[in-house]
Structure formats: C-alpha cells, structure tokens
Amino acid sequence: MALPKTIRAQVGIVGAGPAGLLLAHLLHLEGVESVVIEAQSRKHVEERVRAGVLEQGTVDLLNAAGVGERMRREGLVHYGIELCFDRRGHRIDLHSLTGGRAITVYAQHEVVKDLFQARMSYGGPILFEVESVRIEGFDGDAPRIRFRSYGDECEIPCDYIAGCDGFHGVCRPSIPSGILRFYEKTYPFGWLGILAEAKPASDELIYANHEDGFALLSMRTPRISRLYLQCRPDEDLSEWPDPRIWEELQRRFETVDGFRLNEGPVFQKGVTAMRSFVAEPMQCGRLFLAGDAAHIVPPTGAKGLNLAVADVRMLAHALACRYRTGTEQMLNRYSEICLRRVWRAQHFSWWMTSMLHRFEGCDGFDHRRQLAELNQVTSLRAAAVVLAENYTGLPFDLPGERL
Ligand code: FAD
Ligand code: DHB
C-alpha cells in the first residue's frame, strides 16, 4: 500500500469557515504555520449565505489583521437598531448608549472571501473537498489529521489541532465520551430567511415582535434586503411562494404610521432551525474546539460569527505564546476564558429570542409580559444600555479575560 502524503504543520486546522480561516491568518501574522482542510469546495464556502452583523470588536480585529479594506469600503456602519412592537418602532441608539460603538453589516461570506484572498496572497495552504477526515493522537504529543484528497491518502502530523469544523463537524465527536459535558436547548421554531432585490425600507435593522411571530429586517447592500420571519423549525419551503412571504412580512412589520417593506425579486430562500448549545470544556489534550464546533446560539442576538472570531483571537494568541515562550500556560486557560464570553452571549441570545418570538402556547399573559419588557428596554436607559453593550459586543478584556 502506498504511504500517505505527509504535510507537516505546527497547527492543523479542520474547517475553512470564518473560525478556521481567521485562525490561520492570525497564526500567520504571529509566524506560526498551519494547514487548513475543508470538506466543501471554495465556491460553496464563498457563497454560503449566513450571518451579516459584525460587532465593533470583530471589525477592529479584521482591520488590525489587515483584512478589513473591502469591509471598510462596502460594509454598512449602523449606529442604532429598531425594536418594533405594538405596531410602533422604537430606536435603540447603540452609539450614544455605548459611548461610541457601532455594528457593521457585512455578509459573512464576504469576510470569508477576504480571508481566502489574504491566505492566497502568501501561499498559505488550504485543501478543499477533502474526505474521510479523522483526527488522532491529540490525547498524546503526536496529533495527526488523516483524510483523502482527490483520491490520495494524506496526513498532517502537527503539534496542535484546531477543530473549526462547525456544529456538524468531526472534531467534537472524536473526543472520547465522558470528557465533554453538553448543554443544549432547542427552540420550537426556526427562521425563514430571504434575500431580495429590494431597497431596504429602513436604514437600520428592525427586530419586530408581532402576535403572529418574530420578523427581522436586515440588508446586504443599499439595494438588497435580507429578511427573516419566524416559522416552524421543519417548515416546508414549497409552501412559501414569494407572495405569501411578502404578505406575512408586511403584516409583521405593519405600524400605526403605515410602514411598508419594499418588495422585489427573491433570489435566495432558506430555513434555519434554532438551538443553544455549549460543549465544555473546549479543549481535549492537544485538540482545541472553536466557533460553532463548540457552541451554537440562536441567531437573534447576531452572536455566532462574532463568538467564533473571539475564540480564534484567543486561540491564536495562546498558540503564539506557546511558540514564543515554550509554555502552555495560556493554552491551558483557553477554554475557561472563552467559555465566560460564550455564556454571556448565550444569555443575551436566549434573552433576545425569548423577548421577541412567539412561543407555542404563548397566551395573552406571555405576550403582554414581552411587551412590558420591550417597553422597559426602550424607555429605561439602564435597560437599553444592557442591550446596546451586548449587541455591539462586550470588550475582549472582560474581567479575568485579560490576555
Ligand atoms: P462554519 O461557518 O460552520 O464553518 C465550518 C467549516 O467546516 C465549514 O466550511 C464546513 O464545510 C467545514 N467542515 C465541516 N466538517 C468538516 C470536515 N469533516 N472536514 C473539513 N471541514 C469540515 N452570527 C453572527 O455573528 N451574526 C449574525 O448576524 C448571524 N446570523 C446568522 C444567520 C443565519 C441564518 C445563520 C444560519 C447563522 C447566523 N450566524 C450569525 C451564525 C454564524 O453564521 C456561525 O456562527 C458561523 O458560521 C460560525 O463559524 P465557524 O467557522 O465556527 O463554523
Ligand atoms: C442578520 C442576522 C441575524 O441573526 C441578526 O440578528 C441580524 C442580522 C443578517 O443576516 O443580516
């Protein structure tokens, strides 16, 4: 039998989503070499429609890492969001409530394209369309990643493995049972999301609480709207022809002053189920989990991508410390430090979800309670500050999180 092709690396990275690609880039800036492997094609990853909201800290990190040039040109900086309930819109002034922070609307797949571009510019290896990925030896001092690449058996012997392969990846399930503890909550609804060639009807995002269910207005460009509406988690898209989607969206965003969405051709549709999930710890020996491989949040707080970025920022720093100083002190704190932020984001995402969605069996009392909470958040400054601080993103140096 032919020997496997061997590609040696300091760090082997499984998954070329935002977590894996940004980790590879940050490690490169620190002089640490890595190899990235990805199950899908480059085209598939570059076109996958996902998140859109970048926290201030994410934007700052992408800029500092030299991959923010197009984001600065094409990203839409937002200083506020709107909460719509009881048929009225209420603005949350993120900028004044947080002492000057903002969010940037820039699609996740554009971030991914920018990171691919950066990786290509210095010839950093990424292997696409790999198959039968297995990770081994991470409980000892000789980890390796084995896989098939266009018919060849390959292996990456490395010092450390980064599991950046998303919720359905192979890294987390490769950890022997009994080591991780899982915390999970599934929600009895999903989001039906569309992209439409229609000028966004508002310059800022609108999160709407309506008796019939949640709806969200977002955007990708000044001519493309991104819209979501709460639906069943197993919703059959064939039951949602475009006119039905628009009718439902118009109803959920209706206000006393006659707000109307601009309609236009729908060119992408999808349903996302919603769950909260955390695996603890985020490390097993020389394997480190980052991003969706370790945790999932419901999308209402726009935290998933931003958490993935925060994880790899910490992991790149800890790995760089390891190669600079020879000690694993920072690496050993990786999980503990990340999980503090993960749980803050879990709480925020759960809170936003529970305040804005219609729950099964939600009666008049529950809806009135949601309205009271929304009234508080939009009228009491202290409550609005909590929302704004969390939405724009907690600083990286949380107490105890100083690097
Ligand atoms: P992924 O993006 O899932 O990347 C994992 C990669 O690993 C993939 O490319 C996958 O193909 C690859 N892979 C899997 N298995 C293997 C294997 N065996 N071998 C090799 N490669 C493998 N987050 C926000 O912050 N803001 C938002 O506004 C927001 N909105 C969202 C809206 C929707 C509709 C959805 C679905 C998500 C949203 N999110 C949002 C969440 C965000 O998209 C994810 O949290 C983010 O993609 C996580 O990045 P990741 O790199 O950890 O994982
Ligand atoms: C988008 C997604 C979110 O989950 C969110 O909370 C806000 C905006 C978006 O895709 O634009």
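In this predicted model, the shell around ligand 2 is made up of 14 residues, of which Y207, S218, R220, Y228 and P299 come nearest. By residue class, the shell around ligand 2 divides into eight nonpolar, three polar and three charged residues. Two strands, β15 (215-221) and β16 (224-231), each supply at least two residues of this shell, and β15 gives the most, with three residues.

Polar contacts to oxygen atoms of ligand 2 are made by S218, by R220 and by P299; in S218 the atom concerned belongs to the side chain, as it does in R220, whereas P299 contributes a polar backbone atom. The distances are listed below.

| Residue | Polar atom | Distance to an oxygen atom of ligand 2 |
|---|---|---|
| S218 | side chain | 2.6 Å |
| R220 | side chain | 2.7 Å |
| P299 | backbone | 2.7 Å |

Taken on its own, ligand 2 has 290 Å² of accessible area, and the protein covers 96% of this area.

How high is the mean pLDDT of the chain, and what percentage of its residues reach 70 or more? The mean is 95, and 98% of the residues reach that value. Over residues 398-403, however, the pLDDT is below 50, although this stretch has 15 contacts in the model beyond near neighbours in sequence. Where pLDDT is low, predicted coordinates should not be read in detail.

Terms used: Residues are numbered from 1 along each chain as its sequence is written. Chains are lettered from A and ligands numbered from 1 in the order in which they are written. This is a predicted model: local features need pLDDT of at least 70, side-chain atom pairs count only at pLDDT 80 or more; totals for chains, interfaces and linings use all residues. Side-chain values use heavy atoms; hydrogens and water are left out. A residue is near a molecule or strand if one of its heavy atoms lies within 4 Å of it. A polar contact is a pair of N or O atoms within 3.5 Å; within protein, one must be able to donate a hydrogen and the other to accept it, and residues adjacent in sequence count only if both atoms are side-chain atoms. Accessible areas come from the Shrake-Rupley method with a 1.4 Å probe; for residues, only the protein chains shown count as cover. Helices (H or I, at least four residues) and strands (E, at least two) are DSSP runs, numbered from the N terminus. Ala, Val, Leu, Ile, Met, Phe, Trp, Tyr, Cys and Pro count as nonpolar, Asp, Glu, Lys and Arg as charged, and the others, Gly among them, as polar. pLDDT is the predictor's confidence in each residue, from 0 to 100. Contact means heavy atoms within 4.5 Å.
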